[in-house]
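Please read them with the sequence and the coordinates open.

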Amino acid sequence: MITAAQMRAARALAGIDQKTLAGRAGVSLPTIQRMEASDGVVRGVVDTLMKVIQALDEAGVELIGENQASDRGGRGVRLKPGVPQNPPA
């Protein structure tokens, strides 16, 4: 399960925009926009969700359970160990 807030936070942490994520995941930009526009759990074809999660993983971001989130916002994302944080664009 991934939420729209997690997707937005993960993308921001990786320093990539929606178009870049779409390209890396091999999905359309409108698909990414639709996924991030929801207020809750992202809904979509499992294959598409897996492609997006894989692209985020390759960008150095991992999704974690909300109970493991240290940001108190419960977004449940963090950089993988050893990955430098990109400065905000």
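1. Basis. This is a predicted model, in which local features need pLDDT of at least 70 and side-chain atom pairs count only at pLDDT 80 or more, while totals for chains, interfaces and linings use all residues. Residues are numbered from 1 along each chain as its sequence is written, and side-chain values use heavy atoms, with hydrogens and water left out.

2. Helices (H or I, at least four residues) and strands (E, at least two) are DSSP runs, numbered from the N terminus.

3. L21. Apart from neighbours within four places in sequence, L21 is in contact (heavy atoms within 4.5 Å) with M7, R11, I16, I32, V52, A55 and L56.

4. Helix α4. The buried residues here are L49, V52, A55 and L56; buried means under 20% relative accessible area, exposed over 50%, and partly exposed in between (1.4 Å probe, protein chains only). They lie on the same side of α4, because they cover an arc of only 125 degrees around the axis, taken from the directions from the helix axis to the C-beta atoms. Their cover includes α1, α2, α3 and β1 (61-63). On the other side of α4, V46 and E58 are exposed. Just after α4, G60 has a positive phi of about 95 degrees.

5. Salt bridges. The whole structure has 2 salt bridges, each a side-chain nitrogen of Lys or Arg within 4 Å of a carboxyl oxygen of Asp or Glu. One joins the side chains of R11 and E36 (2.7 Å, N to O). This pair links distant parts of the chain, with R11 in helix α1 and E36 in helix α3, 25 residues apart. R11 counts as buried at 14% relative accessibility, and E36 is buried at 4%.

6. The other pair. D47 forms a salt bridge with K51, with the closest N and O atoms 3.5 Å apart. The two are 4 residues apart in helix α4, so about one helical turn separates D47 and K51. D47 is partly exposed at 45% relative accessible area, and K51 is partly exposed at 34%.
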